[in-house]
Amino acid sequence: MTARTLRLGRLRRGVPDGRVNRPVEARGGKPRRRGAQPKVVALGGGMGLSASLAALRRITGDLTAVVTVADDGGSSGRLRDELGVLPPGDLRKALAALCGDDDWGQTWARVIQHRFESKGDLHEHAVGNLLIVALWEQLGDHVQALDLVGKLLGAHGRVLPMSAVPLELQALVRGHDPNRPEETDTVRGQATVALTPGEVQSVHLVPNDPPAVPEAVAAVLDADWVVLGPGSWFSSVIPHLLVPELLDALTQTKARRVLSLNLAPQPGETEGFSPQRHLEVLGRHAPKLALDVVLADEAAVPDRDSLTEAANRFGAAVELAPVARADGTSRHDPELLAAAYDRIFRMHGRIGPWR
């Protein structure tokens, strides 16, 4: 038995509570009834995770986001370089997505997303990034600080980093140099990988064996459902599978796992990818990962048979549903996505209806 397995066992037996941001009815004095609400953990980063969280908070009050910490661009990259902290940007976006639809929630969502415009050093810094980093420095604890920000915002869920150390994403890219289309180069940095020309072959993290945040591992082990994606495939979705303790938890958890596919390939890292190609590269990075459901927008799947075949390799069923906004953009509609998740949880869950 490995040391990592022993740590997972201890986490399974002693899951920390700490869900300070659950709605009052979900965390009050009465014990939680099994089956009253699904315990859901969503993994990802950026706008893809935000879309998933905006949907999931509509159907459960027991929601945890586990967020990638490899961002090195923009305000997050500048704070990371100057102060040596975790990049706060994707954590901020997740907190904003968990804000309620009331005046309090929407006001604070706008405040933490606000970016300064100036000719000085504050230009393009987001208020939420500065708030999160200030609390990290004050409290000396990533999780406690994020819980406190969530409490301030009235967030409908909890936000956790996937690792407590800043990570660098590196990718092997074929044709990164247009003058050498058949050669493979190493591309460094999440911001660069996300927009790289050429074809991404694989990604890895530096350090290559980063420690997972224990609360994130515990949340995955204690979940009823784990949602992976949507989002930038190589720079937001796959990195969670490269944190060994987090991957162990994903393979050992008794939760059901749903993979939510993107509405369209992303220019740069997944240009020209079919829905089934997304699954194939996921499997190359985590060959032991099993899934229960693959969710895709019905209009984004030209070849359902090929997607079904790719999903079957993970042991998963395919669920097609209209989840895109009606404005023609490649963005998810939170109400439609919530309805799709709710139906999946009811149809494929082990413990019956949630409400």
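# Rings, strands and the cut-offs behind their names

Tutor: Helices are DSSP runs of H or I with at least four residues, strands are runs of E with at least two, and numbering starts from the N terminus. This is a predicted model, in which local features need pLDDT of at least 70 and side-chain atom pairs count only at pLDDT 80 or more, while totals for chains, interfaces and linings use all residues. Residues are numbered from 1 along each chain as its sequence is written, and side-chain values use heavy atoms, with hydrogens and water left out.

Student: How many aromatic pairs does a search of the whole structure find?

Tutor: The search finds 4. One of them joins Trp 104 and Trp 108, at 6.1 Å centre to centre with 55 degrees between the planes. Rings of Phe, Tyr and Trp (its six-membered ring) pair if their centres lie within 6.5 Å; planes under 30 degrees apart are stacked, over 60 edge-to-face, and the rest tilted. The pair of Trp 104 and Trp 108 is therefore tilted.

Student: What makes Trp 104 count as partly exposed?

Tutor: Its relative accessibility is 49%, and the class runs between buried (under 20%) and exposed (over 50%), using a 1.4 Å probe and protein chains only. Trp 108, at 23%, is also partly exposed.

Student: Why is the pair of Tyr 341 and Phe 345 called stacked?

Tutor: The ring centres are 6.2 Å apart and the planes meet at 15 degrees, so the pair is stacked. Both residues belong to helix α15 (residues 334-348), 4 residues apart, about one turn of the helix.

Student: Buried or exposed: how does Tyr 341 count?

Tutor: With 0% relative accessibility, Tyr 341 is buried, and Phe 345 is buried at 1%. Together with Trp 225, Tyr 341 and Phe 345 form one aromatic cluster.

Student: Which residue lies over the face of Phe 273?

Tutor: Arg 277 does, at 4.1 Å from the ring centre. The test asks for NZ of Lys or CZ of Arg within 6 Å of the ring centre and within 35 degrees of the ring normal.

Student: What is the strand order in the open sheet of 7 strands?

Tutor: The order is β3-β2-β1-β7-β8-β9-β10, with parallel pairing; two strands pair if DSSP finds at least two bridges between them. β3 (158-161) and β10 (317-321) are at the edges with a single partner strand each, so one side of each has no neighbour in the sheet. Neighbouring strands of this sheet are turned by 20 degrees against each other on average, direction ignored.

Student: How do you know that β2 and β3 pair?

Tutor: Strand β2 (residues 63-67) joins β3 over 4 bridges in the parallel sense, and pairing needs at least two. Within this pairing, Ala 65 stands opposite Val 159.

Student: What is the order of the open sheet of 3 strands?

Tutor: That sheet runs β5-β4-β6 with antiparallel pairing. Its edge strands, β5 (184-188) and β6 (199-206), each pair on one side only. Strand β4 (residues 168-174) meets β5 over 5 bridges, with Val 173 opposite Asp 185.

Student: And the whole chain: how many helices and strands does it come to?

Tutor: The chain has 15 helices and 10 strands, and buried residues make up 54% of its 355 residues.

Technical notes. Axes are lines fitted to C-alpha atoms, for helices over the stretch in contact, and angles run from 0 to 180 degrees between N-to-C directions.
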